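Work through the exercises below with the structure open beside you, and try each task before you read its solution.

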Amino acid sequence: MEPNHPRSDDLIPAPIEAGESPRHGFQGNRTPPPPPSGIPAGLTIAISREAGSRGGTIGRRVGRKLGWPVYDQEVLEYTAQEGTFRQDFLENLPPAAMTWAEERLQELLRSERLGQHPSIVNLARVVLALGAQGGVVLIGRGAGCILPPATTLHVRVVAPLADRIAYLAQWARLTVEEATERVRLRDSRRAEFLATHFRRQPGDIYQYDLLLNSSLLGEELCAELIVQAARAKWAARPDARVL
């Protein structure tokens, strides 16, 4: 936990770490890589988390380390729900990225791995558009269920229930009873969201590339492990570029 600045991944949205909005796929302070030969153009990191496990804070640390933009649950939902904003965002995509995103969306719908409610379809379209460009960290909203495993590092951040309750109680100045109910409700809603719209259960550990206990490892080590895993997974692809 960062001293003097505790932050709940469940309470405060933080769309992007830097004051200046970074470009999608930005790879840090180095010579730009050659144009990608395919779509997606880079790896996406999708972080799933238990309530109070500090997954959002860890995701933002990852974004800082890689120089990537970070989209949390609130920002993903806003982008998906605001029609004009979403349309402008999608229209600025390269044609190849837009084509890939739409093809992947239709594949998910045909295979019934994605619910057909308009809000979920819009959410999936936005997540796929971000994933087509790569070089981005997505927190929550089932991003790891939407994006293809080959170009996504799907991470689950967990912590013992008592630690999550204590963290949320301290951060939000709640009683233990209030924090317990808050954690229970958030976990329940997230599980219901995945089951309803993606036919997934968050407790299925085999859908994740990486499962991290933030109580044992701490925020900084969790973030570093995610960065190293992302680099290793992308480097294993024959057409990979360096992260």
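Predicted model: local features only at pLDDT ≥ 70, side-chain atom pairs only at ≥ 80, totals over all residues.

Residues are numbered from 1 along each chain as its sequence is written, and side-chain values use heavy atoms, with hydrogens and water left out.

**Exercise 1.** Find the order of the strands in the open sheet and name its edge strands.

*Solution.* Begin with the terms: strands are DSSP runs of E with at least two residues, and helices are runs of H or I with at least four, numbered from the N terminus; two strands pair if DSSP finds at least two bridges between them. The five strands are ordered E2-E3-E1-E4-E5, with parallel pairing. The edges are E2 (70–71) and E5 (210–213), each of which pairs on one side only. Next, E1 (residues 44–49) and E4 (residues 152–158) are joined in the parallel sense by six bridges, and Ile47 has Val155 in E4 as its bridge partner.

**Exercise 2.** Which strands does helix H9 touch?

*Solution.* Contact means heavy atoms within 4.5 Å. By this rule, H9 (residues 214–235) packs on the sheet and touches E1, E4 and E5.

**Exercise 3.** Which ring lies under the charged end of Arg141?

*Solution.* A charge sits over a ring if NZ of Lys or CZ of Arg is within 6 Å of the ring centre and within 35 degrees of the ring normal. The ring is that of Phe193, with the charged end of Arg141 3.8 Å from its centre. Likewise, Arg54 lies over the face of Tyr167, at 5.6 Å from the ring centre.

Technical notes: Axes fitted to C-alpha atoms, helices over the stretch in contact; angles between N-to-C directions.
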